[in-house]
There are 2 protein chains.
Amino acid sequence: MTTIKDVAKKAGVSVATVSRFLNNSGYVSTEAAQAVTVAVEELKYELNPIARSLNTKKSNLIGLILPDITNPFFPELARAVEDVALTYGYTVVLCNSDEDPEKEKNYIETLKKKYIAGFIVTSNQLDAPHYANANVPIVALDRTINEKIPTVSSNNKEGAIMGTNALLERGCKHILFLRGPEKLNPANDRYEGFMEAIQRSNVRYQVVTCPFHFADSQKIVECILQENPLIDGIFASSDVSAAGALKAAGTAGKHVPDELQIVGFDGVAMGAMLSPGLTTVAQDVYKMGAVATRVLIKRIENKKIEQNFYEVPVKLVIRGTTRSVVE
Amino acid sequence: MTTIKDVAKKAGVSVATVSRFLNNSGYVSTEAAQAVTVAVEELKYELNPIARSLNTKKSNLIGLILPDITNPFFPELARAVEDVALTYGYTVVLCNSDEDPEKEKNYIETLKKKYIAGFIVTSNQLDAPHYANANVPIVALDRTINEKIPTVSSNNKEGAIMGTNALLERGCKHILFLRGPEKLNPANDRYEGFMEAIQRSNVRYQVVTCPFHFADSQKIVECILQENPLIDGIFASSDVSAAGALKAAGTAGKHVPDELQIVGFDGVAMGAMLSPGLTTVAQDVYKMGAVATRVLIKRIENKKIEQNFYEVPVKLVIRGTTRSVVE
DNA sequence: CTGAAAGCGCTTACAG
DNA sequence: CTGAAAGCGCTTACAG
């Protein structure tokens with residue numbers, strides 16, 4: 001392994017000069033710079049990041065803390081984070097927290113020992129004070145930890161209004177809203193949006209809380225459909241729930257979209273694979289991840305960030321679980 | 001930050017002794033050990049892994065190189081890797097390669113500079129010699145790099161035989177096999193299995209190569225179904241392709257499973273969400289990841305590993321795209 | 001069984 | 001503009 005010492009010797013300067021040149025810190029004469037450049041080139045020298053970290057107490061590792069990469073929402077997020085991290089020379093450490101504050105804390109602690117540069121955190125159970133005091137740059141997704149920590153999320157409320165209106169415009173007269181877990185911020189925002197839109201109409205509706213879980217959603221919807229044959233529209237707070245609803249419609253013998261229209265939320269790839277294809281309010285998950293990462297890197301590099309709250313717009317994707325708009 | 005020096009001072013011994021004790025290397029008297037234990041406890045000392053790495057040229061980072069975490073096959077794999085890595089005190093760095101050998105090399109090089117402990121590699125375009133010479137522990141998934149590098153994969157051929165037989169036993173008389181990309185080892189193994197099973201029967205069949213891509217598969221199957229109305233069974237080499245086939249069956253007006261039966265391969269969660277639920281040859285992806293990680297850690301820790309090839313059994317999951325067995 | 005010392009490969013005041 | 005030197009927090013021969 002060739003070290004900074006080798007470079008210094010070859011260039012005929014001191015290691016301090018080489019270091020200064022490499023880090024673009026302090027003055028280096030043109031000749032010295034030239035000599036170092038040549039030496040680096042010839043020796044194919046590459047700086048040892050570990051040795052650097054030990055001094056600077058910084059690394060180029062970014063921790064991505066999420067509940068479970070297995071949840072279809074997260075892979076794309078992770079992908080975005082990694083893509084932009086790579087662009088800026090950072091590497092990402094994957095941390096599945098299972099929403100367990102202990103696991104989160106553990107990760108934060110172990111990674112801080114490695115001088116992690118910062119964290120992107122997606123979680124709903126997160127131990128807010130712990131993060132607030134972590135003393136390391138953080139960006140939160142979908143949940144505000146405090147005013148000082150930048151947050152990026154979808155405009156969930158807007159999206160829910162769009163989704164509700166989609167059903168309304170298509171003639172639904174009795175809408176079932178599948179509300180997500182009440183401790184999830186985004187789920188609550190979606191609920192708010194639904195309520196706002198539905199109450200502006202004079203359409204009947206009912207709300208049931210339902211986990212973001214396929215089989216559970218299916219069961220719940222099956223029951224409700226049996227009790228309420230009049231339901232002709234379902235707005236699910238997630239695509240997975242919507243998939244459960246669609247399956248339930250099948251077993252209940254309700255034709256989709258003729259007798260029952262369904263709208264999901266998320267925009268996960270699976271939606272297109274269903275039959276009929278799932279109409280959904282699609283989040284731009286990739287963009288969320290990308291924005292979060294850029295903001296984090298700005299914080300890491302002590303650059304000013306314009307705002308502390310970033311909202312990524314959501315988009316209605318019309319597929320086969322809804323009919324055409326009623327004029 | 002409390003350092004080993006602080007501990008040494010408090011315990012009244014030298015840093016060398018503390019280090020020896022902490023690493024369980026070399027002799028340490030019972031008294032010294034006792035004193036160090038107390039000091040560590042009182043100071044809440046935690047070893048600095050970066051400083052250690054600089055000396056030992058080792059870290060507890062594991063690199064997970066995969067084509068794209070967004071592909072539904074990989075999140076579960078990543079999850080497994082992270083779970084067992086955590087158990088053994090390792091942390092995982094996520095690397096999306098897009099099957100690009102350059103990106104792979106880059107990751108290997110940058111992570112080696114960080115003294116990465118080892119790699120788990122899933123890729124099909126991988127630059128075999130580069131890996132073979134990487135001079136760092138590696139475990140490969142689904143592809144043999146060379147005899148010295150341990151490999152774990154599903155028993156794809158067996159699985160394909162099972163899948164084919166499932167269709168045969170259920171009375172299919174004309175089977176379409178959706179073969180995967182020819183440069184993918186697992187896809188070829190599945191093809192082999194199909195051929196072996198189908199040729200033992202006297203059933204008609206045809207094979208078409210088809211990417212592991214939903215919309216493409218749908219299109220291809222739509223065409224073929226039109227040309228060959230006699231096809232009454234489809235065995236797809238992946239669940240995504242199977243989903244495409246199922247969709248195609250819908251647009252072609254073929255009832256599944258009455259007129260057309262479909263079997264997929266992979267066992268991805270999405271399969272259960274389709275209507276009807278997808279019958280499939282399920283891989284135990286989590287197990288593959290777990291096995292790979294354990295083997296890697298053994299290699300890292302210079303423990304003997306029993307074998308260089310691990311095959312994880314596959315399992316037939318019967319759902320709604322197939323009928324009951326013909327007696 | 002133990003400690004002084006060198007070394008891992010860098011960065012950073014400091015003096016010049 | 002530059003270099004000698006101390007230091008980041010550990011590990012590891014080596015001598016005792």
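Reply: Helix α8 (residues 156–169) of chain B packs against helix α9 (residues 185–200) of chain B at an angle of about 40°, and their axes are 7 Å apart. Axes are lines fitted to C-alpha atoms, for helices over the stretch in contact, and angles run from 0 to 180 degrees between N-to-C directions. The angle makes α8(B) oblique to α9(B) (under 35 degrees counts as roughly parallel, over 145 as roughly antiparallel, 65 to 115 as roughly perpendicular and the rest as oblique). On the α8(B) side the contact includes B:Ala160, B:Ile161, B:Thr164 and B:Leu168, and on the α9(B) side B:Asp189, B:Arg190, B:Phe194 and B:Ala197 are among the residues involved. Contact means heavy atoms within 4.5 Å. By class, 7 nonpolar, 4 polar and 6 charged residues make up the contact of α8(B) with α9(B) (Ala, Val, Leu, Ile, Met, Phe, Trp, Tyr, Cys and Pro count as nonpolar, Asp, Glu, Lys and Arg as charged, and the others, Gly among them, as polar).

The model is predicted: local features need pLDDT of at least 70 and side-chain atom pairs count only at pLDDT 80 or more, whereas totals for chains, interfaces and linings use all residues. Residues are numbered from 1 along each chain as its sequence is written, chains are lettered from A and ligands numbered from 1 in the order in which they are written, and side-chain values use heavy atoms, with hydrogens and water left out. Helices (H or I, at least four residues) and strands (E, at least two) are DSSP runs, numbered from the N terminus.

Among the contact residues are B:Leu77, B:Val81 and B:Val84 of α5(B), and B:Tyr286, B:Met288 and B:Ile297 of α13(B). The contact of α5(B) with α13(B) has 10 nonpolar, 2 polar and 4 charged residues.

The sheets come next. 12 strands form an open sheet in the order β11(A)-β5(A)-β4(A)-β3(A)-β1(A)-β2(A)-β2(B)-β1(B)-β3(B)-β4(B)-β5(B)-β11(B), with mixed pairing (two strands pair if DSSP finds at least two bridges between them). The β11 strands (309–312) of chain A and chain B stand at the edges, each with a single partner strand, so one side of each has no neighbour in the sheet. The twist averages 20° from one strand to the next. Within this arrangement, β4 (residues 138–141) and β5 (residues 151–154) of chain A run parallel and are joined by 2 bridges, and A:Leu141 stands opposite A:Val152 in β5(A). Helix α13 (residues 285–300) of chain B packs on the sheet, and its direction makes about 160° with that of β4(B).

Another open sheet, with mixed pairing, has 6 strands of chain A in the order β7-β6-β8-β9-β10-β12. Here β7 (204–209) and β12 (315–317) of chain A stand at the edges, each with a single partner strand, so one side of each is left without a neighbour in the sheet.
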